[in-house]
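Visitor: Can we go through the charged side chains in this one? I have some questions.

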Amino acid sequence: MAWVAGVRFKPAGKIYYFDCQDIDLKAGDSAIVETIRGIECGIVAIGKREMSEEELVLPLKTVIRKATDEDIETFNRNKQKEEEAMRICKEKVKEHQLPMRLIDVEYTFDMGKIIFYFTAEGRVDFRELVKDLAAFFKTRIELRQIGVRDEAKMLGGLGTCGRVLCCNCFLGEFAPVSIRMAKEQNLSLNPTKISGICGRLMCCLKYESDLYESGKGNGENSNGEKPAGVKIDLTRTDAGSGGA
């Protein structure tokens, strides 16, 4: 068993568990943690709790400390610097005439690395771009190519339902979605009807998939039988026949 806390680094990002044996953390706290990318500042999504090792991905990284006011100020300054880093990187991309579109940029809390996220049709040789950025920022540079679903998650937007994209506001991870789910729910198979703004099948097709697989989505009970219910003949108009 281990005492851990679940931490997010983006509002709807994946939750990662960190060892917090000697630190009391509750949901909503900010925490400074050790990650494979370096020192990061995140928001506690799941407060301190004891979990078995079978439920965790080992080895666990540790929570260094609960974030102080100074840590929050540093984090906010880094966010402001990210806007400038994005502008400079876009200029460098134009200079090198690279077929890529910048989506987002992140500074690690300790300023040890800058991560640029981009999309592209295929593979891009950005070695010279990395050299230019490293010379300008005097720190390690990582360029990470992402897919269209991650692009939609980062940029946000409105779905066909009129609500903010699920992936942008609460979905921590993408679940596999297939056309079979749309067929089970008797939905139109028109791509424009069942695709999100990313061009992929809508994540919400997964929400009721388990219900339909169990048979309950088809009106069946737990025994796989359809209840008789009450039948009403809508063709009869006795109620209004006396007015003639």
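Visitor: Lysine 14: buried, exposed or partly exposed?
Guide: Lysine 14 counts as partly exposed, at 37% relative accessibility. Buried means under 20% relative accessible area, exposed over 50%, and partly exposed in between (1.4 Å probe, protein chains only).

Visitor: What are these values based on?
Guide: This is a predicted model, where local features need pLDDT of at least 70 and side-chain atom pairs count only at pLDDT 80 or more, while totals for chains, interfaces and linings use all residues. Residues are numbered from 1 along each chain as its sequence is written, and side-chain values use heavy atoms, with hydrogens and water left out.

Visitor: Which residue forms a salt bridge with lysine 14?
Guide: Glutamate 173 does, with the closest N and O atoms 4.0 Å apart. The pair links distant parts of the chain, 159 residues apart: lysine 14 is in the loop between strand S1 (2-8) and strand S2 (16-19), and glutamate 173 is in the loop between helix H4 (166-169) and helix H5 (179-184). A salt bridge here is a side-chain nitrogen of Lys or Arg within 4 Å of a carboxyl oxygen of Asp or Glu. Helices (H or I, at least four residues) and strands (E, at least two) are DSSP runs, numbered from the N terminus.

Visitor: And glutamate 173, buried or exposed?
Guide: Glutamate 173 is exposed, at 53% relative accessible area.

Visitor: How many salt bridges does the structure hold?
Guide: The structure holds 18.

Visitor: What does arginine 37 pair with?
Guide: Arginine 37 meets glutamate 40 in a salt bridge at 2.6 Å, N to O, and glutamate 106 in another at 3.0 Å. Arginine 37 lies in the loop between strand S3 (30-35) and strand S4 (38-51) and glutamate 106 in strand S6 (residues 101-107), so this pair ties together parts that are 69 residues apart in sequence. Salt bridges that share partners join Lys10, Arg37, Glu40, Asp104 and Glu106 into one network.

Visitor: How accessible are glutamate 40, arginine 37 and glutamate 106?
Guide: Glutamate 40 is buried at 6%, arginine 37 is buried at 17%, and glutamate 106 is buried at 9%.

Visitor: New topic: which residues of helix H3 are buried?
Guide: In H3 (residues 148-155), the buried residues are Glu151, Ala152 and Lys153. Their cover includes S6, strand S7 (113-119) and H4.

Visitor: What follows H3?
Guide: Glycine 156, with a positive phi near 80°.

Technical notes:
Contact means heavy atoms within 4.5 Å.
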